[in-house]
Amino acid sequence: MGIAFSDSDKAEALADNLETQSQPVTDHSSPAVIKMVDVGPKSYFMTAASEHKLTNPEEVQEAIRGLKVSKAPDPNGIPDRALKLLPQLAVSLLVLIFNTILLTYHFPTAWKHARVISVLKPGKDPVLPSSYRPISPYDTIGKLFEKILLVRILHEVSERGMMQDGQFGFRPRRSTFMQLARLVERITKNFGVKKLTGAVFLDVDKAVDTVWIDGLLYKLTLLNFPSYIVHTISSYFQGRTFEASFQTATSSRRGMRAGVAQGGLNSPDLFSLYVNDMPSPSHHVELALYADDTAIIATSRKPEQLVSYLESYLNDLQRWLSEWRIAINVSKSTAIIFARAGRRFIQPRPVTNPMGRHHSLSGGNPRQRSHLVASHRSG
């Protein structure tokens, strides 16, 4: 640790921070899970066979039309606008390249490298590397192929109804607003029948950066994804690298040991699939998920009963989080009881969250709590 004065030193400091973030979470998986993750995909690749759904000029043209011309050029200086001007012959060559990838399961190494641009977060200390938000531009043609691959992933998810009902992240007709409306509707309905709503809001710590890749591939095989898709995704993750830039300087090249690609088009959906087997709650509890944000909701007339329901589910969740190497960001997680304004009840005991710390489900004093609930109800 030290003070970075030159642009080169600052670029290296930013790269150090990003490299630290893209490390796997401490291994708490049981030997049984480790063995399944190690053996499962290998066996699947040896035995599973699937028909390759190749692309064509019409699909590639459609993907090109969907590119945003306002995006910054890729690390090679190629803007999205340039692809929109490609002649038909060039599009045909892209089709050939993309189909070769789908047939050989080889995602080109040049497309796995990002030159990370760091943007200072509002209100953060510019001296600290952790105060910067990484933006990772990848090769423009590589991202175009990601769109082609994403179509195939989403087709499987949609056709076979893979996502659990509580997951609204990056799904058609299931926006953030709809998930929030669903939560507010539950709280308001409970007000009408004189019930309390208890909720624990969990935030996954550096969700995109720390996904256990081998665990993700194993889960894709359990979902019986076509083998050519799993093979291609496996290649997509192997050997990813990045370098951080600051002003005129660029850091040394670093490797990524964990996590789905920061800024990758497939990353949100792959993360959603990774957490899709989160433990099913009892009939007293339900989940409201949006990518890496998780709300655990319980209903009862008694606050003590809410605590019991939520604690029971959190205990199950803790074991699952540990097995699949997922950490919770305690500072961004909270718990609360939503009740009618003016209602008084005994302060419930704290709820232990999956990181071993405690949150009071009621949160704050009764007057502040009632004001918050009234605001939610009127909204």
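A cavity, in the sense used here, is a set of grid points inside the protein where a 1.4 Å probe fits but cannot get out, and its lining residues are those with an atom within 4 Å of such a point. Keep that picture in mind as we walk through this structure, which is a predicted model.

Let's begin with the sheet. Strands of a sheet pair through backbone hydrogen bonds, either parallel or antiparallel. Here, four strands form an open sheet in the order β7-β8-β3-β9, and their pairing is antiparallel. Strands β7 (285–290) and β9 (334–338) stand at the edges with a single partner strand each, so one side of each has no neighbour in the sheet. On average, neighbouring strands of this sheet are turned by 20° against each other, direction ignored. Look now at β3, residues 196–203: five bridges join β3 to the antiparallel strand β9.

Helix α7, made of residues 176–192, lies across β3, β7, β8 (293–300) and β9, and runs at about 155° to β7. Helix α12 (residues 303–323) also touches β3, β7, β8 and β9, with its direction making about 140° with that of β8. In the loop between β8 and α12 you will find Lys 302. Lys 302 counts as exposed because its relative accessibility is 54%, and the cut-off for exposed is over 50%. The C-alpha atom of Lys 302 is separated by 7.8 Å from that of Lys 195, although these residues are 107 residues apart along the chain.

Among the 14 residues that line the second largest cavity, Val 204, Met 278, Thr 294, Leu 321 and Ile 328 lie nearest its centre. By class, the lining of the second largest cavity has eleven nonpolar, one polar and two charged residues.

The largest cavity holds about 130 Å³ of space. Its lining includes Leu 18, Gln 21, Ser 22, Asp 209 and Gln 262, and divides into seven nonpolar residues, four polar and one charged. Both α1 (7–21) and β1 (113–120) supply at least two residues of that lining.

Asp 209 sits in helix α8. Is Asp 209 buried or exposed? Asp 209 is buried, because its relative accessible area is 11%, and buried means under 20%. Leaving out residues up to four places away in sequence, Asp 209 touches Gln 21, Ser 22, Gln 23, Ala 258, Gly 259 and Gln 262.

Asp 209 also leads us to the pockets. The largest pocket, with a volume of about 960 Å³, is lined by 28 residues, and Arg 133, Lys 206, Asp 209, Gln 262 and Asp 292 lie nearest its centre. Its lining has eleven nonpolar, eight polar and nine charged residues. The second largest pocket holds about 780 Å³ of space, and α6 gives the most to its lining, with seven residues.

Notes: Residues numbered from 1 in each chain as written. Predicted model: local features only at pLDDT ≥ 70, side-chain atom pairs only at ≥ 80, totals over all residues. Heavy atoms only, no water. Pairing = 2+ DSSP bridges. Axes fitted to C-alpha atoms, helices over the stretch in contact; angles between N-to-C directions. Contact = heavy atoms within 4.5 Å. 1 Å grid on protein atoms, 1.4 Å probe; cavity = no way out; pocket = protein on both sides within 12 Å on 5 of 7 lines; lining within 4 Å. Points joined across faces, edges and corners; volume = space filled by probe spheres on them. Nonpolar A, V, L, I, M, F, W, Y, C, P; charged D, E, K, R; others polar. Buried < 20%, exposed > 50% of the residue type's maximum accessible area, 1.4 Å probe, protein only.
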